[in-house]
Amino acid sequence: MDAKRGAGAVMTIAGMLLFLYALVAGALRGHIGSKTAWTPDAVAVIVGWFLIMIGPALYFGSTPARIVKEVESKRG
Amino acid sequence: MAIPVWAGIPLVAVAAAYVLGYYFYGKRVLEARIVRASPSRRTPAYTRFDGIDYVPANKYVLFGHHFASIAGAGPIVGPAIAMVYGWGLPLLWVIFGNVFIGAVHDYLSLMASVRHGGLSIMSVSENVMGRKAKYVFLLYVYSALLLVLAAFLSINAILFAKTPSAATKAMLYMPIAIMVGYLLYRTRLSPKASSLIGLAVLVGAVAYAIKVPFYIPGFAGIDVYHTWLLLLAGYAFLASVLPVWYLLQPRDYLNAFLLWSFVGIAFVGAIGAALRGLSLTAPLYTTWAPKIAAFAGQPTPFWPAIALIIACGSLSGFHSIVASGTTSKQLANEMDALLIGYGGMLTEGAVSSMAVIIPMGIAWSQPDMATLLKAVGLGGKVAAYQAKGILALGPLGGFEAGYGYMLGKALGSLGTVGAVMFNFAAIALATFILTTLDTATRLTRFAWQEMFDWLQPRSPGLYRAIANMFTGSAIAVAIGLAMAYPYVEIKGKLQPAYKVIWPAFAGTNQLLAALALLTAALWVYAVLRVRETKYSLLIQVPAWFLWITVTVGLAWWTVDVLPHLPHIQQIGAGTLVLISLGVDLLLIALYVMGLSRARAEKAAAVSR
């Protein structure tokens, strides 16, 4: 696994854990975050969100084989 | 003229116009006779495939993307404001504009771009109007897109700050979209199974979002609005550089279900309302020139101002940029284009007609509206509604209340079904708004990259540095942020800086529609060589009608509205409108020269 894929995997796993923590905490409290102070769940959901957006893109990297195959078959 | 009209009459008129327009005008004339679309001609998604922007998409996925991108708040707010004329004239403008102008404009922009390797309609203009036209057009559109970007950054930030459930939904939506993309493209699951899993999770996410709002307190001394603005800017940048198959396609595939449900439920509700004998209690016609707050409270004549009031719901220049920007680069088959381009516009028109005008017409003045308003926590607005009717709730409140009322009466009760549909309307609106933000960022990047194409052969290294996707998106987001972040005082109230020029946007956007349609009309005449008078006129006449309407509208706005705006907007918006009029005249001169050249070539060919 190269460094880019490794970083992507770490970011994806970390992002999912942070995101899940925030969702569970939010469900228990009835809301995520607070109007007056930064809470761990609010930080977790934002950081997790960005990590989930970037992580899988780095991990998977190239275009899915299904799409590439379709393009190549049409190009002939 | 407050004569109650049975809801079935406008419903049948809208449905008939769309079905007939799609099959007879769209399919038989535009697709078969004018563009001569062919399933065997390879599209840029294949010929220029790059795995980032040029990627073929399933036609329903692409329909979802196109529809979600072209539909911002425009198809809702514009018709809601136009109800001040009564329901007849706005409905007529929506139907006429959709079938003969807007859908033609969107479809031809898409096909012109597809036949030019996925380049924007601005770059297509080079082929028919010359190189000068292309760069003037590109610069004009780039500036307009920056304004759209600033506005949608600001609107989303306000929405998330004021409606924390919308923020929760947005946070959940993107990871779900990435998951659906993974299931669709990288597992052996069938598309049906992937979709069902995605939809089940999405329904759960919407339910979660309604119950669990997401609050943030502001950051390092800045308030909630500005914190959201910074977060959204980060999102817009990221979403605009990620490959389309990764986030945009699966997200818009999911969006399509939500948005089709929204339109489908409105259609079912309108049928139910008609079957239950409900009537439109709004007047068919009020007056030709009512005073409208959005136009500095000045008397606003239906023509030409209606083109500036109802934009996306009838026709919009922004659509040509989407059609010839992200959509044309993902079109897998020329035969999909009619559904996406022409059908997408009709669907957006259905939002205006069936989800806004007909429901608001029904809910205009109803004694039992108080039940719905109290059920959704708007009991404080009951008195205003009873005194002034639905317009007292404002454009967005009027839309939500109209949608909820019509469906509550048609399908159940106002306190339960009506209240749920009121909230569903708000969620659908939030979905329209967020997708427009990142598509606008990607489109601004495309315009930036095309503006510098002259540099590519001269200095490839410099071109790569200036026009790569990261630079292009970063510059767009930075300028958009700079326009949305600072506050300025307008009418004694602090407002985001972009609002200094925002009053000019409606005219700028609709002028773009007129110029794009003229470009497409010239492409049809000069490049496709469709020179049978009846077919050529079918495009030329609506294009010229729109150009005259918008140009007269801009002149009316400059004379009658501009002097009544606050001083700072007179300078900002006034300058933009004057620039727009200058660009308008320059491009129309280049258009006439292009048309003369094409006619001379035709005459020479005939004489040979």
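Start with helices α12 and α23 of chain B, which are roughly perpendicular to each other, because angles of 65 to 115 degrees count as such. The model is predicted. Select residues 302-309 of chain B for α12(B) and residues 533-561 of chain B for α23(B); their axes cross at roughly 95° and come within 8 Å.

Next, show the side chains at this crossing. On α12(B), pick B:Trp303, B:Pro304, B:Ala305, B:Ala307 and B:Leu308. Facing them on α23(B) are B:Thr549, B:Val550, B:Val552, B:Gly553, B:Trp556 and B:Trp557. By class, the residues of this contact are nine nonpolar and two polar, with no charged ones.

**The nonpolar core**

Now turn to the largest nonpolar core, which has 242 residues. The members that touch the most other members are A:Val45, B:Tyr107, B:Val141, B:Leu145, B:Leu153, B:Met360 and B:Leu517. To see the element that gives the most to this core, select residues 131-162 of chain B: this is helix α7, and 22 of its residues belong to the core.

Centre the view on B:Val141. Leaving aside residues up to four places away in sequence, B:Val141 touches B:Met122, B:Ile321, B:Ala447 and B:Leu512.

**Between the chains**

Colour by chain and look at where A and B meet. Here 31 residues of chain A are in contact with 26 residues of chain B. On the chain A side, at least two residues come from each of α1 (3-29), β1 (32-33), α2 (40-60) and α3 (65-75).

Switch to a cartoon view for the strands. β1(A) pairs with strand β2 of chain B, residues 214-215, in the parallel sense and over two bridges. Within this pair, select A:Gly33 and look opposite to find B:Tyr215 in β2(B).

**A last stop in chain A**

Finish at A:Ala3, which lies in helix α1 of chain A. Is A:Ala3 buried or exposed? A:Ala3 has 8 other C-beta atoms within 10 Å. A residue with 12 or fewer counts as exposed, so A:Ala3 is exposed. For a distance to display, pick the C-alpha atoms of A:Ala3 and A:Ala44: the two residues are 41 residues apart along the chain, and these atoms are separated by 25 Å.

Conventions. Residues numbered from 1 in each chain as written. Chains lettered and ligands numbered in written order. Predicted model: local features only at pLDDT ≥ 70, side-chain atom pairs only at ≥ 80, totals over all residues. Core = buried A, V, L, I, M, F, W, Y, C linked by C-beta atoms within 7 Å. Buried ≥ 20, exposed ≤ 12 C-beta atoms within 10 Å, placed from the backbone. Helix = DSSP H or I, 4+ residues; strand = E, 2+ residues; numbered from the N terminus. Contact = placed C-beta atoms within 7 Å. Pairing = 2+ DSSP bridges. Axes fitted to C-alpha atoms, helices over the stretch in contact; angles between N-to-C directions. Parallel < 35°, antiparallel > 145°, perpendicular 65-115°, else oblique. Nonpolar A, V, L, I, M, F, W, Y, C, P; charged D, E, K, R; others polar.
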